[in-house]
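User: I'm new to this one and would like to go through it step by step. Could you show it to me first?

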There are 4 protein chains.
Amino acid sequence: MNDLSDNDLSGNGLPQTLLAGYRNFMSGRFTDESLRYRELAEGGQTPETMVIACCDSRSAPEIIFDTRPGEIFVLRNVANLVPPYAPDGEYHSTSAALEFAVQSLHVKHIVVLGHGRCGGIKAALDSESAPLSPGDFIGRWMSLVAPAAEAVSANTLMTSGERQTALERISIRYSIANLRSFPYIDAQEKKGHLTLHGAWFDISTGELWVMDRKTGDFIRPSSE
Amino acid sequence: MNDLSDNDLSGNGLPQTLLAGYRNFMSGRFTDESLRYRELAEGGQTPETMVIACCDSRSAPEIIFDTRPGEIFVLRNVANLVPPYAPDGEYHSTSAALEFAVQSLHVKHIVVLGHGRCGGIKAALDSESAPLSPGDFIGRWMSLVAPAAEAVSANTLMTSGERQTALERISIRYSIANLRSFPYIDAQEKKGHLTLHGAWFDISTGELWVMDRKTGDFIRPSSE
Amino acid sequence: MNDLSDNDLSGNGLPQTLLAGYRNFMSGRFTDESLRYRELAEGGQTPETMVIACCDSRSAPEIIFDTRPGEIFVLRNVANLVPPYAPDGEYHSTSAALEFAVQSLHVKHIVVLGHGRCGGIKAALDSESAPLSPGDFIGRWMSLVAPAAEAVSANTLMTSGERQTALERISIRYSIANLRSFPYIDAQEKKGHLTLHGAWFDISTGELWVMDRKTGDFIRPSSE
Amino acid sequence: MNDLSDNDLSGNGLPQTLLAGYRNFMSGRFTDESLRYRELAEGGQTPETMVIACCDSRSAPEIIFDTRPGEIFVLRNVANLVPPYAPDGEYHSTSAALEFAVQSLHVKHIVVLGHGRCGGIKAALDSESAPLSPGDFIGRWMSLVAPAAEAVSANTLMTSGERQTALERISIRYSIANLRSFPYIDAQEKKGHLTLHGAWFDISTGELWVMDRKTGDFIRPSSE
C-alpha cells in the first residue's frame, strides 16, 4: 500500500499541484519575505489575532484577510464551532488552541469566521441524512448546534438558502457565547484585553459581513 | 465589555489590519478569481487534498502551497495532531473533519503538515512547565505524544533544537498512524483511493521536507 | 379650521418644500422632458411594468429605478402587500390596480418591491404593541402575514434585525403567491405574457436584492 | 412558467430597463445622498407629509415635487381615492396607510394629488364599458365616485375633456371629505396639527393646480 501513486513522479509523495505551488511560494512570496520568516523563526510568533475558521477549501482566512506570515493564529474545524468549556480531561483540540492563543500568545482579538454554503451547517439542517460513518462524528460534532438547527428548520416559510444563512450566523453567535464560558477568556474580555468578533464570508460574492457586537446583526463594513 | 476598542474606528469591530487586508483581497485576488469563487459557490467544493496543519501563524498551508480557492480542505489544530480513532460519542473536531473530507468530499490525499519551532511540541518536551490554565487543555492535548516526548527528552546527547525537530517529525508519523486507525481511511488507502503524506516546513529557511512513505525519513523533494 | 398655516405664505396651501420642489421640477426635469410629457398626455400611458411598493418615504420606485415618466405603473400600500383574490364586491384598491395594470394596460412585468426597516413588517412582528387607532387598520392589514410573523417570531435565536429581514422577504414571496390567485394573472403568466418579480431594497446601503424565481432566494444582480 | 423571459439575460429576472436604472441610481443619486440614506435607515423615517396619488405612470409625486428620500410618505391607488371610514374588520389598505402616517409618523400634511387624463376617472365616466374582469374590481373601486360621475355625465353641455377634469377635481374634494370621516384625522385637523390639501397635475403642460381650501377651487400657485 505504500507504492508511489501516479502523483509521485518526483519520488517524494506529495501531490504535484502542491509541489508546484510550493515552488511558486519559494520563488515568489518567500523570496520577498525571507527576512520576515527568519525573524519569525528566531523571535517566535506574536500574532495579535486568533481566527477560528471552517475547514472549507473556499474560506482560508489568510487569503480572505490577505495576511502576512505571523499575523493570525488559526484554528480550523468543521463549521468553525467552539464547544462550551468542559474541563473534563478529554482531548479538546479547540480548547487547547484557545488556551495557547490567549494564555501563551496573549492575542488581543478572536475572530469567529463563518461562511456561506457551509457543508457542516447544511448537515445540521438536513435531519434525515444518514450518518457518513458508523461513528457519525459529523453528526455528533454538529449536534452542538442541534437546538438552533431545529428552531431554524421549523420555519418552512424561509427558503433552504435562507435557513442555511440563518443557522450559519446563529452558530457564530453561539460560538462567541461559548468562548465566554472559558473563565480566562471572560476575564480578559472584561478587563478590555481581549475582543471577540464574528464575521461571515459570502463565497459567491466575496462579501464580508461583520457582526455588530451590540445587536448580533451581520452588516457590511461601512468603508468597504 | 461591549465598548468599542481602539481598533474599532470604523464602527464594525474587526481589527483594522484585517479589514485593510480584506480590501486588498477584494480589489486583487477576488477580482482576479471572481468567476472561480462563483463557480465554487454554486457547484460546491471538490478539493482533492486535505491538509492537517498547525494553528501556528507562520505555517498556513494555503501560503506554503500557493493554493487556489477550493483546492485544499484544511484542518488546523495545535501541533497538527490526529488523535486515535475513538467512537465514544464525544465531540471530536478532528474526527468530524476527517469524516467529512474522506466520506463526503472523497479527497484523494491527506497531508499532515508539521513545521519547525512548534510551540505545542515545545510544550510537550518541556515537562516542568506549569499548566497555562486550571483545565490544562494544552497539556492534555499534547499528552497524545507524551510517550514519544519522554523518549526524546531522555536523549540528552541531542541538542534541544534536535530534540524539538525529532519530536515534530515523530508526531507527524504518529498522526499518520492514527489516521490508519480510522476504518474507512484504512480501507480507502488499501484500495488505492487515498494516499497519506507527511511534510515538515522549516519556517526559517522556507525548506519543505517530505516524508518518504517507505522509510519515514524526511527528505527534500528532488527537483526543488 | 381652514385658516392658512405658517406654511401657506403663498396663499395656496401646499407645504413650501413641495412647492419649491415643484418649481425645481418645472425648471429642470419637465423642461428637459416636456415633449415626452406631451406625448404621454396625448397618447396615453403604456408602461411595461407595474411596481407594487411600500408607502415608506425612503423607497420610492421611481427613484430607486431612476425611471422616466410613463415607465412604471405604481401601487403603493403599507408593506407592499397583495391580499389574496377575493371577488366579494368590497372595495379592493390593490385588486383594482392589478386589474387596471394587467387587463387594461397589459403590463408585461409585475415587481413586488420590499425594503429593509419596514414599519409595517415591524408592526406585524411586534405582537404586544397596542393598536394605533380603535379600528386597528394596521393590525388588520398586517394580519395578512400573521402566520408568517408568528413562525418568524418563534425563532428567538435570530436577532430582531434578522427576523425583520426574514419576514420582509417571506411577505414578498407571499404577495407573489397571492398574485397568482388572480385568475387572469395566473393565465397571463402561464402564457408567458406576464412575469412576476420580487426585489428587496436595503435603505442603508442602497443594495437591491432580487428574488431568484426558481428558489425564492434573494440575491444581488450579478452585473451590479 | 418559471422559465426566464427574454429580459432575463442577466439571470436574475428583473426587467433590464429597471436594472439599468438602478445602476444609474447607485452611481448617481445614492452616491450623492448615501449619508442621508444611512441616517434614514438608522434613525427611521420622519416625513412631514403624506401624499395620496394615483398609480398612473405619469404622476409620481417624488418626481413632481422633486423630493428627497424620507420627505414624503406615499399611498398610491387607482385615481387617488380615499374611501370613507369603515371600521368593519376588512382589509383596508388606504385606511392602514392613513393610520400609519397620522397615528405613528405624525405627519403634518396630507396632500391628495390628482392628475389629468386619469384612466380610473375615465372608467367611472364611461358607464357602458364592460368589466375588465369577472370580479370587476375597477368598477367596484370607482363606484366610490359613482354619484358624482352620474351628475357630471348628465351635463352634456360640457365637453368630454371638461367632464373628465371636472370629475377629477370633484373626486379630490370627495377624498378630502372622506379623510375627515376618520375620527383621528378630524381631531388632528381641528387641533391645527394636520392640514389637508388638494392638488391636480396637468400631465401635458406640467402645470400644478392647488385647491383653495376655502372655496374648493383649483388655482395656480401665485409665485409659479
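User: How many residues of strand 2 of chain D are buried?

Analyst: A quick note before that: this is a predicted model, where local features need pLDDT of at least 70, side-chain atom pairs count only at pLDDT 80 or more, and totals for chains, interfaces and linings use all residues. Residues are numbered from 1 along each chain as written, chains are lettered from A and ligands numbered from 1 in written order, and side-chain values use heavy atoms, leaving out hydrogens and water. Strands (E, at least two residues) and helices (H or I, at least four) are DSSP runs numbered from the N terminus, and buried means under 20% relative accessible area, with exposed over 50% and partly exposed in between (1.4 Å probe, protein chains only). Strand 2 of chain D covers residues 72–77 and is mostly covered, the buried count being six of six.

User: Which residues sit on each face of that strand 2 of chain D?

Analyst: In a regular strand the side chains alternate between the two faces of the sheet. Here both faces are covered, with D:Ile72, D:Val74 and D:Arg76 buried on one side.

User: What rotation superposes chain A on chain C?

Analyst: Copies are superposed by least squares on the C-alpha atoms of residues with pLDDT of at least 70 in both. For chain A on chain C, the shift along the axis is 0.0 Å and the RMSD is 0.0 Å, with a rotation of 180°. That's the relation of a two-fold axis. In chain A, the C-alpha nearest this axis belongs to A:Asn155, 4.0 Å away, and the rotation asked for is 180°.

User: How much area do chain A and chain C bury between them?

Analyst: Contact means heavy atoms within 4.5 Å, and the contact here takes 20 residues from chain A and 20 residues from chain C. Buried area is the accessible area (1.4 Å probe) that two parts lose on being put together, summed over both. In chain A, the residues losing the most to chain C are A:Leu157, A:Thr159 and A:Glu162, together 30% of what that side buries. Carbon and sulfur atoms carry 54% of the total, which is about 1400 Å².

User: Which residue forms a salt bridge with C:Glu162?

Analyst: A salt bridge is a side-chain nitrogen of Lys or Arg within 4 Å of a carboxyl oxygen of Asp or Glu. Chain A and chain C have four salt bridges between them. In the one involving C:Glu162, the closest N and O atoms are 2.6 Å apart, and the partner is A:Arg173.

User: Is C:Trp141 buried or exposed?

Analyst: C:Trp141 lies in helix 7 (residues 137–142) of chain C. Not counting residues up to four places away in sequence, C:Trp141 touches residues including C:Leu81, C:Pro83, D:Tyr91 and D:His92. With a relative accessible area of 1%, C:Trp141 is buried.

User: Which backbone oxygen does the side chain of C:Trp141 reach?

Analyst: A polar contact is a pair of N or O atoms within 3.5 Å; within protein, one must be able to donate a hydrogen and the other to accept it, and residues adjacent in sequence count only if both atoms are side-chain atoms. The side chain of C:Trp141 makes its reach at 2.7 Å, to the backbone oxygen of C:Val78.
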